Amino acid sequence: MRATQGATARATAPDRRSDANAPQLLRNQMDATYFSCETLSWELNNRLNGDGTLRVYFDVNTIGLSIKLRSMYESLVLGDSLCLGDDAEQLMWRHCFAQFFDPISRKAAKIRPQHIRTAMEMLHVASNYYFGLIRKLAKLGSAEVAETVLSTPVALRWNNPKYEPRDAFVVEMVYRMYMHMGDIVRYRNVICPTVVYRAYPTAEKLYQYALSLKREDSAPFSRLGMLCSSVGRPIEAACYHLQGSRAKIQPDVSAQYFTLLLTENERHYYLATEKRRADNQREAEVNISEMFIYSSLRIVRYLWSATGKSQYCQLPAMVKENIRLLNGCFVQLQKRRFPGFVYRDINSDAILSLVAMQMALIELLEANGSEKRSIAEHWLLSVFRLVVQVMVHIVSDMYSRIPLPKGFKSTCELTNASAAPAAQSASLGGRKGGVSQPLATSQKVKKQVENGGHHDLAKETCIVVLRKLKALRHLTWMKVVKVICNWLQLHPDKLRKMSPDSWAQFALLANMLPTELELTDLYSCDKRLRKTVGRLFFTPLSEWAQEISLPEDVCTFDIIRQPLHQKISDKSMDDTSMCFLRICCLHKYAREFVRLNFTELKYDNWTMKYVAPSCSDDGSAKAPIKGLESVPENASVSDEPLKRRVSPYVHLDSCCRPTNFLIVDALSFCDKLAIMKELAHSNEFTIVICVSVLDQLREWKAGMQSAAKAISWIEYEWAHSNRALMIRTGDNCSEKWEGETSDPTMELVLMFGFLTFNPPYEVHQAILLTEFSRDSAEFKNIYTQAENKNVEEIDVRNLGEFYAQWTSKSTGVH
């Protein structure tokens, strides 16, 4: 009995020896798993390399072996974080993913459609797997690190936290996995090129997540640069490579990519220059955006590299040509042939990346004591002047479309009598005078009400201000102005080089934005806005400081180094709230410029308006302010026929599609492509291209160079969403062109009837243009077909005669 009780006691007692050996047992288990992974990886490599064909990559047994190896590596990553986890993660990516996707992407053109679908499914599974693994890894670290890796706030780039060893392992692993997921999206682009533009934002977001976790590594910058190059965004690609060359870890890799990109751009520049000289001047406007990109990167190359004295002397002329090209792009942008405030590849993101490169080059040249710094500064200020000018035009156009209530009075009219003396007393004391501590907006409004002040805006006034704010939220060019102003207020010595015309344009733009009082009252009236920016806004704006990082601040952090210390995320912010903060920033920077006496920029406290140096006290300009001018005739991008004609439809809404529709046949594109380009660029016509015309041009392009040029131009314009082109088949067009047996003009006739009797848009006039002469049998046959199809009053004209009549009418020559 006692023996039995002793045995039971010994069995239930804790085994101290086993507890002491638990770490060693776990160590032995991890080592055994690692050796098993090496055996399985060797077997998988032999299986993939033995057959020599791609069929083995899609075999069920091969995929099953990969999944088994992946689960074993995962157990090492999660169970042995301080020893084998780092190597296991690298080997898992190499053997289970990259070893599959590299050969498939290289031979994607030779893979069968069913294998393409299988490969896309494998990539989708791999992406979801890494998302799940990130959630598992987040549980290994502390609660703070778990929140960090799952949200990846941009504020991590401003903060440089120090982690414990286990937390540092979690951050490093999640950083790599975001990089892998970005690579997976790029594999999808290569295997299935049709998704390249749709997948680009996803890959960019994943690489940005990785960059937030480890910003001292150049690898995310290099991947982002290669991604931008793959979708035809060379300026953004160059900006990322330049930022990667300034990183702490492997900057030479990004510097090499940057040098190769600039060298390749130099070759494209010379080829485009020769082509422009050989082509007709009428086609020069088509290449203006491409020439601006080539010219910009060429200047960057000369500023970046060590150049000789002869090349240094060429820089001022190169900058002058570049500004002329940008001015031409902005002139075309105002015609609104493309959706949004863009012109082809020239958008706010491209100019923002160019500005970031200019700032980085100025800082680098200043550190090296180079004389080229003054040229770079002049280039940046010239770009700033043009962007402000185009902003003034766009904002004025947007405000003209905002409906105003009856009896509406502006904020200044309602509040000048009581607000001006208080504002004047607050501003006379400079930064420290007038207001000891900035009041919160709710406290300010409450205090004004208690004192019997009349500072509350009417409800209609708040509605109008909110409508302005919602209109300005779509104006992405405000990001460029904000970034440059932020840099200028940190480098006030550069403001001495700004011309009076630049100050006049900047003052005009600042006066067009909602005033401080309008922003304050809107904040107090709009509950949604107050909830979003409640902890970020206070008055007066002269004492206000930006705390949250806006999207445009991220790409220029390494240059501006703005101390944003908050933990607030901008992911929950809508565009209206971010636009509200941008306007606050611009008013803040303008007040900073007013404090600098040498700028001669003033602020009228009574009218709440900024007064430029060349303006009178009442804000009216002494001399007319220069607006956006057309490209000079002696410029390489001049287009004389377009320049001397004045469009009779300038009074129409420039944002909508032109209401004069031209239905054109295939011969007109082949023989009169220059005329078709001019009609499309005039902003007066919508060129309707039927599917049968495209099929006919593709049939001819193999043996007809003019058809190949026409197809290339149509595809380029359509890819850039030119509003002047409409490619579609009418709902009534049942007959399609199927070779020589069918009549290709039938669909043109049916399209005319479709636009005349059942128009999808507002149609002012529809004309069918053909290359056939009036006396030809083909021309008369069009009327016969229209009569047979009950298309009444069809308007058919010869393209040459129509063009001659249009040019004489536009130039006033009769």
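## Accessibility and overall composition

A residue counts as buried under 20% relative accessible area, as exposed over 50%, and as partly exposed in between. By that scale, Glu-264 is partly exposed, with a relative accessibility of 35%. The model discussed here is predicted.

The protein chain has 814 residues, of which 51% count as buried. Its secondary structure comprises 34 helices and seven strands. The accessible surface of the protein chain is about 38,900 Å², and carbon and sulfur atoms contribute 52% of that area. Among contacts in the protein chain with a separation of 6 or more, 76% are between residues 24 or more positions apart.

Glu-264 is joined to Arg-267 by a salt bridge in which the closest N and O atoms are 2.5 Å apart. Both residues belong to helix α12, and their spacing of three residues places them about one helical turn from each other. Arg-267 is partly exposed, at 43% relative accessible area, and Glu-264 is likewise classed as partly exposed.

Helix α12 covers residues 251-278 and includes Val-253. Val-253 is partly exposed, with a relative accessible area of 35%. Together with Tyr-257 and Leu-260, Val-253 forms a nonpolar patch on the surface, and the three residues share about 250 Å² of accessible area.

## Salt bridges elsewhere in the chain

Side chains of opposite charge can pair when their charged atoms come close. The count for this structure is 30 salt bridges. One of these links Glu-377 to Arg-373, with 2.8 Å between the closest N and O atoms. The two residues lie four positions apart in helix α16 (residues 373-400), which means a separation of about one helical turn. Glu-377 is buried, at 2% relative accessibility, while Arg-373 is partly exposed, at 28%.

A further salt bridge connects the side chains of Glu-592 and Arg-595, at an N to O distance of 3.4 Å. These residues are three positions apart in helix α26 (residues 575-595), about one turn of the helix. Glu-592 is buried, with 14% relative accessibility, and Arg-595 is partly exposed, with 28%. Salt bridges also link Asp-86, Glu-89, Glu-172, Arg-176 and Lys-214 into a network.

## Strand β6 and its partners

Strand β6 spans residues 765-770, and five of its six residues are buried, so the strand is largely enclosed by the rest of the structure. Strand β3 (residues 660-664) runs parallel to β6 and is joined to it by five bridges. Within this pairing, Ile-663 stands opposite Leu-768 of β6.

Strand β6 also pairs with strand β7 (residues 796-798), again in the parallel sense, over three bridges. Here Leu-769 is positioned opposite Arg-797 of β7. In a regular strand the side chains alternate between the two faces of the sheet.

## Cysteines

A disulfide is a covalent bond between the sulfur atoms of two cysteines. The structure holds zero disulfides. For Cys-525, the closest cysteine sulfur is that of Cys-462, at 3.4 Å. Because a disulfide requires two cysteine sulfur atoms within 2.5 Å, the sulfur atoms of Cys-525 and Cys-462 are too far apart for a bond.

Cys-525 is partly exposed, with a relative accessible area of 46%. Cys-313, by comparison, is exposed, with a value of 52%.

Asn-45 is located in helix α3, which covers residues 22-51. Its relative accessible area is 19%, so Asn-45 counts as buried. Leaving aside residues up to four places away in sequence, Asn-45 touches His-95 and Gln-99.

Terms used. Residues are numbered from 1 along each chain as its sequence is written. This is a predicted model: local features need pLDDT of at least 70, side-chain atom pairs count only at pLDDT 80 or more; totals for chains, interfaces and linings use all residues. Side-chain values use heavy atoms; hydrogens and water are left out. Buried means under 20% relative accessible area, exposed over 50%, partly exposed in between (1.4 Å probe, protein chains only). Patches are made of residues with over 30% relative accessible area and no salt bridge: like charges are joined within 9 Å, nonpolar side chains (Val, Leu, Ile, Met, Phe, Trp, Tyr) within 5 Å. Accessible areas come from the Shrake-Rupley method with a 1.4 Å probe; for residues, only the protein chains shown count as cover. A salt bridge is a side-chain nitrogen of Lys or Arg within 4 Å of a carboxyl oxygen of Asp or Glu. Contact means heavy atoms within 4.5 Å. Two strands pair if DSSP finds at least two bridges between them.
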